[in-house]
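Trainee: I want to go through this model and ask what stands behind each label. Please set every value against its definition.

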Amino acid sequence: MRRHILSLLSFFIFSIATFAQNIQSPSEFLGYELGTRFTNHYRVVDYYQYLATTSDMIQLEEYGKTNEHRLLQIAYVSTPENLTNLENIRKNHLANAGIGTETASAKKAVVWLSYNVHGNESSSTEASMQTIYELITQKKAWLANTVVIMDPCINPDGRDRYVNWYNQVASVPYNSNQKATEHNEPWPGGRPNHYLFDLNRDWAWATQVETRQRLKVYNKWLPHIHVDFHEQGINEPYYFAPAAEPFHEVITDWQRDFQIQIGKNHAGYFDKEGWLYFTRERFDLFYPSYGDTYPTFNGAIGMTYEQAGHGMAGLGIINDEGDLLTLKDRIAHHHTTGMSTVEISSKNADKLNTEFKKFFSKNDFTYKSYVLEGNRYRIHKLTNLLERHDIRYGITYETVKGFDYNTGKQTSRKVKNALVVSTNQPKGNMVKVLFEPDAKLSDSLTYDITAWSIPYAYGLNTIASKTIVAKEDDNVGLGIPLGIPNKTNAVAYIADWKNVKDASFLGQLLQAGVRVRFTEKAITHKGKTFDRGSLIITRSDNKKLTNFDDTVFDIALTNFTELSSISSGFSENGVDFGSPDVKEIKMPKVAVLSGEVSSSLSFGELWYFFEQELKFPVTNINADDFDKNTLNAFNVLIIPNGNYKSLLNEDKLKSLKNWVSRGGKVIAMGNALKTFEDKKGFGLKKKETDKDDPLEVISYAKSERERVSNFITGAIFKTKVDNTHPLAFGYDDSYFTLKLGNSAYSYLDKGYTVSYLEDNKAVSGFAGHKAVEKIKNTLVFGEYRIGNGSMIYMVDNPMFRAFWENGKLFFANAIFLVNNNAFEL
């Protein structure tokens with residue numbers, strides 16, 4: 001009997017070994033050695049699906065599709081026993097975060113590895129295949145108390161854009177000379193997604209389809225460890241944790257300390273191989289929308305790993321030190337840190353669980369509740385965002401005391417149907433990070449913007465209270481008000497002009513052939529006052545339109561637009577419908593410049609806005625195809641942030657000015673304004689600075705830190721607004737702008753200065769003392785007339801990363817309402 005048992009045991013061990021040996025490595029499955037070619041995304045999907053059907057240590061979950069219909073999936077990697085019990089492990093783990101009830105002791109480490117968020121940082125996806133293979137064939141012991149979740153490619157559209165281009169142009173064998181075509185990607189490169197968004201800046205704002213789908217599954221797990229694999233320039237070797245300052249103040253001492261432990265574990269492997277690395281530099285933990293910070297603010301040890309390479313490296317390149325950097329090298333380094341991360345997490349599973357629970361037990365917040373009032377549509381959009389992050393909210397009718405975001409002072413106010421978001425919930429740390437008026441900044445040298453507070457970004461009247469504000473979970477009062485009048489023989493319908501949905505409503509009416517007017521002065525009908533910008537849709541203008549009422553009502557319902565039925569064109573107060581101040585809105589024919597001279601991110605923000613939010617046609621014109629005849633088919637030209645001095649030379653500027661004078665409209669944004677500054681006839685003057693200031697002598701060692709006095713790294717300023725101008729219709733007399741730099745232009749002489757800075761004190765974020773002095777009394781948004789047309793200047797970007805909701809109506813006004821009657825080309 002004993003011999004029989006031993007035989008069965010030997011057979012069982014032999015079977016396991018044979019089973020493991022029969023699992024193909026990435027190189028065996030793909031048919032080429034890993035690192036000798038770039039793998040298309042569909043082949044990566046094939047390999048993961050092959051492993052899932054071959055091994056009982058992998059479960060796949062499809063969590064979505066990209067804009068270009070590529071698959072998004074994650075792999076759960078653990079022992080067969082753990083995978084069988086996966087749902088209980090998940091629930092017990094979330095119980096440590098105060099979500100649900102624990103049914104058994106949660107002792108598993110949960111490690112999430114995310115690869116290829118930037119498409120042309122392509123070595124990480126290749127490394128993921130080697131990592132998952134070795135985990136299930138060689139490192140099973142680590143998985144006994146660990147669940148590893150792997151996302152092999154966050155950005156498949158960007159990856160395939162890069163890989164397809166590289167495979168088309170690469171030499172055989174590869175050319176390692178930096179000047180070779182294969183090391184110089186064309187615009188827009190593989191870094192961003194379909195809409196040219198940087199997905200590594202989108203975690204908190206969740207504007208992109210990849211992010212929204214990923215957050216659903218991420219927030220079902222809230223892992224202990226999250227790693228975001230990246231690549232950097234070819235001359236930097238490898239970066240791993242610990243991160244650099246500044247750390248946001250919600251980050252715990254334990255999170256800081258364990259980053260150091262992880263870094264030392266990696267260092268042991270790198271030192272053994274003689275690989276160079278660096279830590280505690282450049283990559284900080286402050287801005288909340290990264291793949292390291294968002295997880296960190298949700299209880300994880302969030303980390304960025306950066307390998308030398310990027311889209312420039314290809315299969316192999318000689319760097320500036322004369323060393324050959326190959327894709328095989330890059331894969332080996334990312335594979336090593338991935339395995340090292342799983343190893344040290346497995347060894348510290350108990351401590352990870354203990355400290356994770358402590359993170360979610362914090363309640364020492366200065367502000368306990370945030371109470372928000374304002375535009376109902378923006379409130380609605382905000383609640384959608386909160387739900388994506390599993391942040392709880394409610395409605396309140398209380399008298400609220402606290403910090404008033406608009407005035408910057410303490411106040412007390414009775415509110416009604418106000419949104420309230422409190423920190424006394426599992427996601428309390430994330431609430432603080434997203435809503436606090438001014439995040440504490442421990443170091444001014446940061447990697448991204450330093451201000452993002454949601455009340456400013458959404459333009460909502462907000463009070464931060466130091467006490468818990470009682471709330472009701474019945475959120476009926478937070479819905480979008482929607483009123484569609486009965487179908488009558490109304491003279492006209494009127495709609496308010498308050499937000500982007502109103503602009504979408506207008507754009508779809510125009511596309512449907514409906515004639516629409518807007519009023520430049522407030523009017524009153526049936527006791528209701530309609531402010532400047534309100535849309536007037538008259539029956540008399542649309543006599544030739546069949547099914548007029550049905551068309552208007554259907555489009556209103558689609559856009560959550562409230563309509564008022566008007567029985568007479570005679571106003572109780574203000575102008576009548578036939579007034580010269582009630583102007584017809586002519587159809588904008590919009591073009592936007594793209595190509596090497598344009599910022600791909602700025603262009604992508606506009607492309608996304610037109611297609612996904614405004615739902616209005618726009619024509620992309622590559623700068624290479626731009627000449628004096630290009631604009632004849634358009635009446636609006638948008639010039640995104642970029643450098644256009646090489647494109648818009650003296651002759652083309654002359655042609656552009658002539659087109660504007662005949663009724664065209666240019667919307668210039670960000671650095672595009674440099675093309676027109678101090679040019680005769682364009683009205684834009686760079687603000688003069690004191691040229692007599694002596695140059696300071698700054699030591700080499702301090703030069704980087706001293707230069708920040710000239711920087712504004714994404715800070716919020718309160719501007720004054722002339723809301724009698726169509727560019728500002730729908731706004732109050734102030735606006736909080738997100739300023740991304742120190743560009744400074746004088747008020748428009750003989751033009752319209754619509755939004756401008758008088759007080760140059762930042763209300764949130766970092767701004768160097770020299771920079772703020774420079775921007776005092778400067779233009780933010782304005783219009784300058786040239787003949788029948790207009791130049792619209794936007795110094796700051798109201799479309800930034802699609803999350804600055806309060807700025808989008810300025811942009812819509814620029815398209816539809818500013819000097820609209822000039823479209824006579």
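Mentor: Of the 825 residues of the protein, 59% count as buried. Buried means under 20% relative accessible area, exposed means over 50%, and partly exposed is in between, with a 1.4 Å probe and protein chains only. The model is predicted: local features need pLDDT of at least 70, side-chain atom pairs count only at pLDDT 80 or more, and totals for chains, interfaces and linings use all residues. Residues are numbered from 1 along each chain as its sequence is written, and side-chain values use heavy atoms, with hydrogens and water left out.

Trainee: What does the secondary structure of the protein come to?

Mentor: There are 23 helices and 33 strands. Helices (H or I, at least four residues) and strands (E, at least two) are DSSP runs, numbered from the N terminus.

Trainee: Why are H6 and H12 called oblique to each other?

Mentor: Helix H6 (residues 123-137) and helix H12 (residues 327-347) pack at about 50°, with axes 8 Å apart. Axes are lines fitted to C-alpha atoms, for helices over the stretch in contact, and angles run from 0 to 180 degrees between N-to-C directions. Under 35 degrees is roughly parallel, over 145 roughly antiparallel, 65 to 115 roughly perpendicular, and the rest oblique. H6 and H12 are therefore oblique.

Trainee: Which residues of H6 and H12 meet?

Mentor: Among them are Ser123, Ala127 and Leu135 in H6, and Leu327, Ile331 and Val342 in H12. Contact means heavy atoms within 4.5 Å. By class, the contact of H6 with H12 has 6 nonpolar, 6 polar and 3 charged residues. Nonpolar covers Ala, Val, Leu, Ile, Met, Phe, Trp, Tyr, Cys and Pro; charged covers Asp, Glu, Lys and Arg; the others, Gly among them, are polar.

Trainee: What makes H17 and H19 roughly perpendicular to each other?

Mentor: The axes of H17 and helix H19 (residues 600-614) come within 10 Å and cross at roughly 80°. H17 and H19 are therefore roughly perpendicular. Val500, Ala503, Ser504 and Gln508 of H17 make the contact with Phe609, Glu613 and Leu614 of H19. By class, this contact has 4 nonpolar, 2 polar and 1 charged residues.

Trainee: What covers the buried residues of H18?

Mentor: The cover includes strand S18 (492-495), helix H17 (500-511), strand S22 (535-538) and strand S23 (563-566). The buried residues of H18 (residues 548-558) include Phe548, Val552 and Ile555. Just after H18, phenylalanine 560 takes a positive phi of about 55°.

Trainee: How do you know whether lysine 526 is buried or exposed?

Mentor: Its relative accessibility is 61%, so lysine 526 counts as exposed. Lysine 526 sits in the loop between strand S20 (523-525) and strand S21 (528-530). Its phi is positive, about 55°, although it is not a glycine.

Trainee: Why is alanine 802 called buried?

Mentor: Alanine 802 has a relative accessible area of 7%, so it is buried. Its place is in the loop between strand S33 (789-794) and helix H23 (808-816). Alanine 802 also has a positive phi, about 65°, although it is not a glycine.

Trainee: What makes glycine 751 partly exposed?

Mentor: Its relative accessibility is 22%, so glycine 751 falls in the partly exposed class. Glycine 751 is found in the loop between strand S30 (734-739) and strand S31 (752-757). Not counting residues up to four places away in sequence, glycine 751 touches Glu783 and Tyr784.

Trainee: Why is glutamine 73 called buried?

Mentor: With a relative accessible area of 4%, glutamine 73 is buried. Glutamine 73 lies in strand S2 (residues 71-77). Leaving aside neighbours within four places in sequence, its contacts include Val45, Tyr63 and Met150.
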